[in-house]
Amino acid sequence: MSYVDEIIELVIKKNPAEKEFHQAVQEVLESLRIVIEENEEEYRKDAILERLVEPDRQMKFRVSWVDDQGNVQVNTGYRVQFNNSIGPYKGGLRFRDNVNTGIIKFLAFEQVLKNALTGLPIGGGKGGSDFDPKGKSDREVMAFCKSLMTELYKYIGADIDVPAGDIGVGAREIGYLYGQYKRITDLYEGVLTGKGIPYGGSLGRTEATGYGLLYFTDAMLKANELSLKDKTVVISGSGNVAIYAAEKAEQLGAKVVALSDSAGYIYDENGIDLTVVKEIKEVKRGRISEYTTYKPTAEYSAGKGIWTIPCDVALPCATQNELDINDAKALVANGCIAVTEGANMPTTLDATEYFQKNGILFAPGKATNAGGVAVSALEMSQNSQRLSWSFEEVDEKLKKIMEDIFMKVDDAAKRYNKSGDYVTGANIAGFEKVVAAMKAHGV
Ligand code: NDP
């Protein structure tokens with residue numbers, strides 16, 4: 001049996017219930033097959049793959065808190081510190097009811113390679129809880145965050161592990177978490193990123209993942225003699241990533257016609273009005289269906305189905321496995337030319353293969369959504385230097401980082417005669433850097 005197949009089997013055997021983790025490992029190792037087979041003897045001897053797929057450590061803990069009715073609620077907290085070969089563990093916290101070990105592990109594993117692609121000194125980790133802030137009062141969210149941090153603080157630190165936001169964790173949650181860390185440790189340090197501007201946050205962090213996604217998409221289209229100008233774009237989700245992806249897409253001359261949330265999607269043929277979306281989502285914490293109250297000519301449809309809307313560019317920015325083979329077929333049939341992932345692993349394996357076989361320009365989240373963690377690393381730099389950079393300075397660095405990532409990914413694919421296969425390119429470029437550091441550190 002080949003080394004790659006052996007490791008895929010081992011991961012499934014050792015972590016039987018973790019299907020998202022199996023999927024991520026399989027996707028990465030399949031695309032690395034070409035590199036691994038070239039160096040099989042050496043990698044086997046050093047157990048490189050066994051070490052790559054086993055986290056350094058994983059924490060799972062009880063989080064008790066009191067709701068507004070005075071009842072005690074119990075959730076589970078997670079932090080997976082996957083690999084710190086090139087820097088302190090870095091990766092977000094996700095608060096969502098479906099969070100479990102498999103989801104956090106797949107995210108942490110992907111984060112290792114993603115962070116390597118940024119060119120910045122950050123290792124990979126991820127965490128979160130099966131707590132969902134949706135429908136909770138501010139006081140309940142605060143109670144939960146303070147309780148979570150009362151355990152989490154033991155494992156993190158500005159030079160050890162630096163969490164950030166992800167689904168369900170925005171500026172409000174980071175504020176409560178930071179307040180509790182500071183209270184327990186008395187340390188005013190850059191232990192979390194995505195902080196508010198008054199207490200050490202970086203300008204441009206809110207926009208970073210969405211803007212970065214578009215900088216990458218723009219670079220990819222240009223390299224293929226295309227551009228975003230006058231293109232029709234469909235974006236799933238209406239959270240942090242989706243909103244700022246839409247904003248930058250419009251700035252680059254495209255028209256965004258659809259957004260969604262987990263209940264349904266809106267279609268506005270005149271182009272989505274982002275001022276309205278920000279009011280609904282960022283101020284009122286409402287549902288995307290409310291958009292039609294502000295814009296009666298727009299249409300709202302309940303359920304999944306956003307990918308049946310014809311578009312040139314599709315940007316899945318909601319969650320894992322949200323775009324399946326049927327969605328991929330609909331996009332291709334409707335003339336879509338490019339799909340770049342804003343979310344982590346939003347496209348299923350068969351859908352990815354379908355895009356690639358049909359000549360769609362397809363780029364994976366670990367490369368395209370790295371702008372968020374990259375600006376988080378810039379926030380860490382500003383915190384250590386006790387400095388704040390301007391929005392323009394951060395945005396310029398972000399753009400350069402995303403263009404560099406595209407170049408690295410493109411170059412790695414070409415080196416292995418896989419020109420245009422950005423999935424393979426991203427995995428190879430990330431893997432090469434992490435493995436070089438692991439080998440340098442010895443066993
Ligand atoms: P948010 O919580 O801000 O927004 C998530 C959006 O996705 C919401 O509109 C949510 O709808 C929707 N959504 C969640 N689950 C589903 C589902 N099962 N089906 C359809 N829609 C769904 O999260 P972010 O924007 O921060 O994150 C989105 C994705 O981007 C995630 O995969 C995350 O890991 C990834 N990412 C985020 C980064 C960041 O900097 N924030 C960095 C890199 C990656 P609803 O309101 O109904 O829940």
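Two strands count as paired here if DSSP finds at least two bridges between them. With that settled, here are some close-ups of this predicted model.

**View 1. The seven-stranded sheet, laid out strand by strand.** Reading across this open sheet gives the order E9-E8-E7-E6-E10-E11-E12, and the pairing is mixed. The edges are taken by strand E9 (299-302) and strand E12 (361-363), each of which pairs on one side only. Going from one strand to the next, the twist averages 15°.

**View 2. Zooming in on E10 and E11, with H8 packed on the sheet.** Strand E10 (residues 313-316) and strand E11 (residues 338-340) pair in the parallel sense, over two bridges. To find your place in this pair, look for Ala314, which stands opposite Val339 in E11. H8 packs on this sheet and touches E10, E11 and E12. The direction of H8 makes about 145° with that of E11.

**View 3. Where H8 meets H15.** Two packed helices are described by the angle between their axes and the distance between the axes. For helix H8 (residues 205-223) and helix H15 (residues 371-385), the axes come within 7 Å and cross at roughly 145°. The crossing of H8 and H15 is right-handed. On the H8 side, the contact is made by Arg205, Ala208 and Thr209. H15 brings Gly371, Gly372, Val375, Ser376 and Glu379. Sort the residues of this contact by type and you get two nonpolar, four polar and two charged.

View 4. Strand E3 (residues 89-95) runs parallel to E4, and five bridges join the two. A handy landmark in this pair is Lys90, which stands opposite Gly124 in E4.

View 5. Asp132 has its place in the loop between strand E4 (123-129) and helix H6 (138-152). Is Asp132 buried or exposed? Asp132 has a relative accessible area of 13%, so it counts as buried, the cut-off being under 20%. The side chain of Asp132 reaches the backbone nitrogen of Lys134 at 3.0 Å. Leaving out residues up to four places away in sequence, Asp132 touches Phe95, Arg96 and Asp97.

**View 6. Two loop residues with positive phi.** What is phi for Asp186? It is positive, about 65°, although Asp186 is not a glycine. Asp186 is found in the loop between helix H7 (171-185) and H8. Its relative accessible area is 70%, so Asp186 is exposed, the cut-off being over 50%. Then look at Asn417, in the loop between helix H16 (391-415) and helix H17 (422-441). Phi of Asn417 is near 55°, a positive value in a residue other than glycine. Asn417 is exposed too, because its relative accessible area is 74%.

Technical notes: Residues are numbered from 1 along each chain as its sequence is written. This is a predicted model: local features need pLDDT of at least 70, side-chain atom pairs count only at pLDDT 80 or more; totals for chains, interfaces and linings use all residues. Side-chain values use heavy atoms; hydrogens and water are left out. Axes are lines fitted to C-alpha atoms, for helices over the stretch in contact, and angles run from 0 to 180 degrees between N-to-C directions. Helices (H or I, at least four residues) and strands (E, at least two) are DSSP runs, numbered from the N terminus. A crossing is left-handed if the near helix is turned anticlockwise from the far one by less than a right angle, and right-handed if clockwise. Contact means heavy atoms within 4.5 Å. Ala, Val, Leu, Ile, Met, Phe, Trp, Tyr, Cys and Pro count as nonpolar, Asp, Glu, Lys and Arg as charged, and the others, Gly among them, as polar. Buried means under 20% relative accessible area, exposed over 50%, partly exposed in between (1.4 Å probe, protein chains only). A polar contact is a pair of N or O atoms within 3.5 Å; within protein, one must be able to donate a hydrogen and the other to accept it, and residues adjacent in sequence count only if both atoms are side-chain atoms.
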